[in-house]
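Colleague: Could you take me through one part of this model up close? I'd like the pairing between two neighbours, then whatever surrounds it.

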Amino acid sequence: MINDIIIEKNGNFLLDLTSEKNPIINVKKNVNITIDLLINEDTNLLTFFVQKYAKVMLRIFYKNSSEKLEILANLDEFSSFDAVFADFSRKNTSIKSNVILYGDGANSSFKFATLAKENSIKKYNISFDHIGNKTSSNLEGYLVCENEAFVSVNGISHIEKNSIKSKASQKIKGILFDEKSKATANPILKIDCDDIEASHACSIGNLNENHIFYLMSRGISEDEARKLIVEGYLNPISAYFDEQNANEISEKIKGEL
């Protein structure tokens with residue numbers, strides 16, 4: 001059974017997917033809403049319809065469970081849909097997100113940070129489809145892999161014909177802690193319109209030895225230097241969450257390093 005959820009007031013909203021199966025969320029005109037997910041271990045599908053001038057912030061925090069999540073979002077004129085994803089589960093995770101920016105001036109972003117350990121497999125497939133004029137999208141991700149873990153990121157930004165003055169950007173950065181850990185990133189730009197701005201950047205490799213050497217020259221041990229660098233890499237995602245979850249994310253990162 002598919003449940004319709006209508007959001008007509010500003011504020012914070014807890015969406016419990018243990019009781020709401022594959023909901024369709026309709027965010028009314030001018031509403032500004034922050035949604036936190038409570039997720040079960042089934043495959044979940046979220047469908048959003050974001051009306052004119054509405055703003056949605058979707059916050060997702062994976063702690064220690066195996067999850068599959070698919071997000072579909074449809075954006076009307078001058079609306080926004082921003083998703084932030086803190087993935088610190090030791091189990092396999094998979095997330096797919098497709099945002100359709102059909103209204104002029106619509107904008108969307110997807111930002112994530114993940115720590116993959118102990119043979120876990122994490123897959124991210126994030127796409128944006130620009131249809132309206134002056135739309136914008138941003139994909140930004142930071143990943144750390146160790147103990148034979150694997151992370152794959154596929155980002156697709158499609159600026160369709162006549163979507164003039166639109167902007168799309170992608171940035172993926174990753175650190176590998178050992179030779180058996182792997183990460184792949186495929187930033188893809190599909191451009192069918194001339195008058196646009198688009199960019200992508202990708203960097204995956206070992207910890208920068210110059211950074212480690214610099215910190216060690218200041219009296220910090222090699223292990224602590226590595227921890228400080230990784231914390232600085234992953235912890236900024238906590239700024240998007242409320243105080244309780246932000247503290248838990250910070251402690252989770254420290255505990256896993």
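How many bridges join strand β4 to strand β6?

Modeller: Five, and the two strands, residues 32-38 and 55-62, run parallel. Quick caveats: the model is predicted, so local features need pLDDT of at least 70 and side-chain atom pairs count only at 80 or more, while totals for chains, interfaces and linings use all residues. Residues are numbered from 1 along each chain as its sequence is written, and side-chain values use heavy atoms, leaving out hydrogens and water.

Strands here are DSSP runs of E, at least two residues, numbered from the N terminus, and two of them pair if DSSP finds at least two bridges between them.

Zooming out, β4 and β6 belong to an open, parallel sheet of eight strands, ordered β2-β4-β6-β8-β10-β12-β14-β16. At its edges sit β2 (11-16) and β16 (197-205), each pairing on one side only. From one strand to the next, the twist averages 10° (axes are lines fitted to C-alpha atoms, angles run from 0 to 180 degrees between N-to-C directions).

The largest nonpolar core has 46 residues, and F48, I60 and F81 touch the most other members. Such a core is a set of buried Ala, Val, Leu, Ile, Met, Phe, Trp, Tyr and Cys residues joined through side-chain atoms within 4.5 Å; buried means under 20% relative accessible area, with a 1.4 Å probe and protein chains only. Another core, of 16 residues including V84 and I253, lies apart from it.

Definitions and conventions. Helices (H or I, at least four residues) and strands (E, at least two) are DSSP runs, numbered from the N terminus. Buried means under 20% relative accessible area, exposed over 50%, partly exposed in between (1.4 Å probe, protein chains only).
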